[in-house]
Amino acid sequence: MPQFLITYLGGEQPSTPEEGKQNFAKYQAWLASLGDAAVSPANPIKNTHTIHPDGKVAAVSTTAMSGYTIIEADSIEAALGIAGKCPFLEVKGSLEVSELIKMPG
């Protein structure tokens with residue numbers, strides 16, 4: 001079955017710790033609803049560094065990526081349907097959905 005990468009971009013920070021807990025509970029419930037389709041469910045990222053073509057390293061990101069989830073779905077349309085129910089959208093975050101290509105190896 002094809003796998004898809006859901007990339008989390010942007011999003012508003014919660015205004016209170018309670019709001020943060022509520023948002024996280026919704027996110028955990030959404031992940032749980034995916035069952036076995038969630039191959040790699042919750043992968044937040046931090047401390048991003050960028051290596052430029054000249055070899056210089058900058059301790060900043062060139063994107064607003066804050067994490068990712070890998071799912072299995074029958075098609076890109078099915079993956080978009082799954083991602084469209086993610087509560088990250090409720091905090092004004094955006095999602096990118098990409099099909100992962102299996103490389104021979």
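A word on the model before we start. It is predicted, so local features need pLDDT of at least 70, side-chain atom pairs count only at pLDDT 80 or more, and totals for chains, interfaces and linings use all residues. Residues are numbered from 1 along each chain as its sequence is written, and side-chain values use heavy atoms, with hydrogens and water left out.

Overall layout, then. We have two helices and six strands. Both kinds of element are DSSP runs numbered from the N terminus: helices are H or I with at least four residues, strands are E with at least two. From the N terminus, the order is β-α-β-β-β-β-α-β. The C-alpha atoms fill a box of roughly 45 × 45 × 20 Å along the principal axes. Of the 105 residues, 30% count as buried. Buried means under 20% relative accessible area, exposed means over 50%, and partly exposed lies in between, with a 1.4 Å probe and protein chains only. Now contacts, meaning heavy atoms within 4.5 Å. Among those between residues at least 6 apart in sequence, 71% join residues at least 24 apart.

Next, the sheet. Four strands form an open, antiparallel sheet in the order S2-S5-S1-S6. Two strands pair if DSSP finds at least two bridges between them. Which strands stand at the edges? They are S2 (38–44) and S6; each has a single partner strand, so one side of each is left without a neighbour in the sheet. The twist averages 15° from one strand to the next. S2 pairs with S5, residues 65–72, over four bridges.

Now the helices. H1 lies across S1, S2 and S5, and runs at about 160° to S2. H2 also packs on the sheet, where it touches S1, S5 and S6, and its direction makes about 155° with that of S6. Those angles run from 0 to 180 degrees between N-to-C directions; axes are lines fitted to C-alpha atoms, for helices over the stretch in contact.

On to the core. The largest nonpolar core has 18 residues. Such a core is a set of buried Ala, Val, Leu, Ile, Met, Phe, Trp, Tyr and Cys residues joined through side-chain atoms within 4.5 Å. Ile6, Tyr8, Trp30, Leu34, Ile71, Cys86 and Leu95 touch the most other members. S1 (3–10), H1 (17–34), H2 (76–83) and S6 (93–99) each give two or more residues. H1 gives the most, with four. Take Ile71: beyond four places in sequence, its contacts include Phe4, Ile6, Leu34, Val39 and Ile82.

Aromatics next. The whole structure has three aromatic pairs. Rings of Phe, Tyr and Trp (its six-membered ring) pair if their centres lie within 6.5 Å; planes under 30 degrees apart are stacked, over 60 edge-to-face, and the rest tilted. Tyr8 and Phe88 have ring centres 5.2 Å apart and planes at 80°, so this pair is edge-to-face. Tyr8 is in S1 and Phe88 is in the loop between H2 and S6, so the pair ties together parts 80 residues apart in sequence. Both residues are buried. Tyr8, Tyr27, Trp30 and Phe88 form one aromatic cluster.

Last stop, Thr7 in S1. Is Thr7 buried or exposed? Thr7 is buried, at 7% relative accessible area.
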